Amino acid sequence: MPSLAGGNPPFTCPQCRALLSQALAGERCACGFLIRNLDGVFDLLSEADAAASEPFLEIYERVRRDEQWGGDDLDLPFRAKRHRDIWNIRKRSFRALESAIGTVPRGIAVDVGAGNCWLTRYLDRWGFNAIALDINNSSADGLQAGQRYLDQGATFHRIRGSMEHAPLDANCVQLLVANASFHYSSDFESLLSEFRRVLVNGGVVALLDTPFYENAIDGERMVAQRVKEFSEKYSIDEAMSRRSSYLTFRRLRELAASVDMSLTIQHVWPGWPRRYREIRGRLAGQQIAQFPLALLRKAGLQ
Ligand SMILES: C[S@@+](CC[C@H](N)C(=O)[O-])C[C@H]1O[C@@H](n2cnc3c(N)ncnc32)[C@H](O)[C@@H]1O
C-alpha cells in the first residue's frame, strides 16, 4: 500500500484529529480509525460524516448521471463535450483564478469539493502540492474519475473527506479553492472558520462558481425553481433540493468580517449570451446569478 504521506501534507484523523502524516493505508490511528486506500483515494471521512453524506450523494449522483456530467467529458474546462454554455462561463472564472493566484506562495493547495479533479490537476501544474478533497468517490464524476489525470502525469493526493471537517492540520494550507462547492454547505460561517483553521497566515481561500445575488429574494427564487423542478422530475424532497444554495455579496462581506478575513471580489465577464439574460432579468425586476471570483485572505505574515 502506498504511504499517505507522499509529499507530507499533514493529514489528520477525522475521528480524533491526531496527525497521520506517517501513517500507511491499512493502519489504524491510535483512536481506532482505519485508514483505507480505495483504489488510490485515501478514505479520511469519519463514520458520522459518511452516514450523513450518504442520502445526499445518492441523489446527487442520480441527478448528475441524468444530466450527463463527467464520464467521458473530463477535458475541462476548455474542451467540454457537453454543457458548453456553462463551461464557457466556467473557463473565464478559471482564467481569473489562474491570474489571481499567481503571487500566492507555492505550498499545499486544496481543491475542496474537487469532484472529478479537473481543477486539481491545474493546481499541480501551477506548482502546488495539490490535494483533491471530496465526499464523492464515484468513478464517473467523483474522486475516482481523477485517475485519468494521474495517468496523464499529474501528481496530487485524493482524499475522501468532508470540507466541514477537513482532515488536515491547522496552519498548513497556502491556497484553498472551493470551485462550485462552497454553496453545498448548510453553515457558511462554520465552513469558513474551518477553511481559516487550515490556512497559513496570509493564506487564501478562492470561491468560484458559487451563485451570487445582490438580493436574497432572487436567490430564493432560484432555489424555489430547483425545488419544483427536482420534485417533478426526480421526486426529490425539498430539504434535499435546498442542499445547494447561494450567497449574496452582503452575506459574504459579513461572513468574511465574522472570521476576520479580508475580502476581494472580482467580477468575471459572463459572455454575451448570459450578459443579455442579465439585462433582460434586470429590466423585468428579476436578477439572475452572477459567478464572481471571491478571494478571502487570512491576516498575518507568513
Ligand atoms: C458541483 S460539484 C463541483 C465539482 C468540481 N469542483 C467542479 O468544479 O466541477 C460539487 C462537489 O462538492 C462536493 N461536496 C458537496 N458537499 C461536500 C462536503 N460536505 N465535503 C466535501 N465535498 C462536498 C460534491 O460531492 C461535488 O463533487
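1. Start with A294: leaving aside neighbours within four places in sequence, its contacts are L207, L252, L263 and I265, where contact means C-beta atoms, placed from the backbone, within 7 Å. The residue sits in strand 11; strands (E, at least two residues) and helices (H or I, at least four) are DSSP runs numbered from the N terminus. A294 has 22 C-beta neighbours inside 10 Å, so it counts as buried. The cut-offs here are 20 or more other C-beta atoms within 10 Å for buried, 12 or fewer for exposed, and anything in between for partly exposed, again with C-beta atoms placed from the backbone. From A294 to E58 the separation is 236 residues in sequence and 30 Å in space, C-alpha to C-alpha.

2. A word on what we're looking at: this is a predicted model, in which local features need pLDDT of at least 70 and side-chain atom pairs count only at pLDDT 80 or more, while totals for chains, interfaces and linings use all residues. Numbering runs from 1 along each chain as its sequence is written.

3. Now the core. The largest nonpolar core holds 66 residues, and L133, V173, L176, V177 and A206 touch the most other members. Strand 7 (residues 199-208) is the biggest giver to this core, with six residues. A nonpolar core here is a set of buried Ala, Val, Leu, Ile, Met, Phe, Trp, Tyr and Cys residues joined through C-beta atoms within 7 Å. Take A206: beyond its neighbours within four places in sequence, it is in contact with L97, A100, I101, L175, V177, L293 and L295.

4. Which residues of helix 2 are buried? They are R90, S93, F94, A96 and L97. These cover an arc of only 160° around the axis, so they lie on the same side of helix 2; the arc is taken over the directions from the helix axis to the C-beta atoms. R84, D85, E98 and S99 are exposed on the other side. Cover for the buried residues comes from elements including strand 6 (173-179), strand 7, strand 10 (261-266) and strand 11 (293-298).

5. Helix 3 (residues 118-125) is mostly covered, with seven of its eight residues buried: W118, L119, T120, R121, Y122, L123 and D124. Among the elements covering them are strand 3 (108-112), strand 4 (129-134), helix 4 (147-151) and strand 6. After helix 3 comes G127, with a positive phi near 100°.

6. On to the ligand. It is surrounded by 15 residues, of which G113, G115, N136, M163 and Y184 are the closest; "near" means a C-beta atom, placed from the backbone, within 6 Å of the molecule. The shell divides into six nonpolar, seven polar and two charged residues.

7. Some backbone spots to check by eye. Most residues other than glycine have a negative phi, and most peptide bonds are trans. The L76 to P77 bond is cis, with omega near 5°, and P77 is in the loop between helix 1 (47-66) and helix 2. N171, not a glycine, has a positive phi of about 55°; it is partly exposed, with 15 other C-beta atoms within 10 Å. A180 also has a positive phi, near 60°, and is in the loop between strand 6 and helix 5 (188-198).

Methods. Nonpolar A, V, L, I, M, F, W, Y, C, P; charged D, E, K, R; others polar. Contact = placed C-beta atoms within 7 Å.
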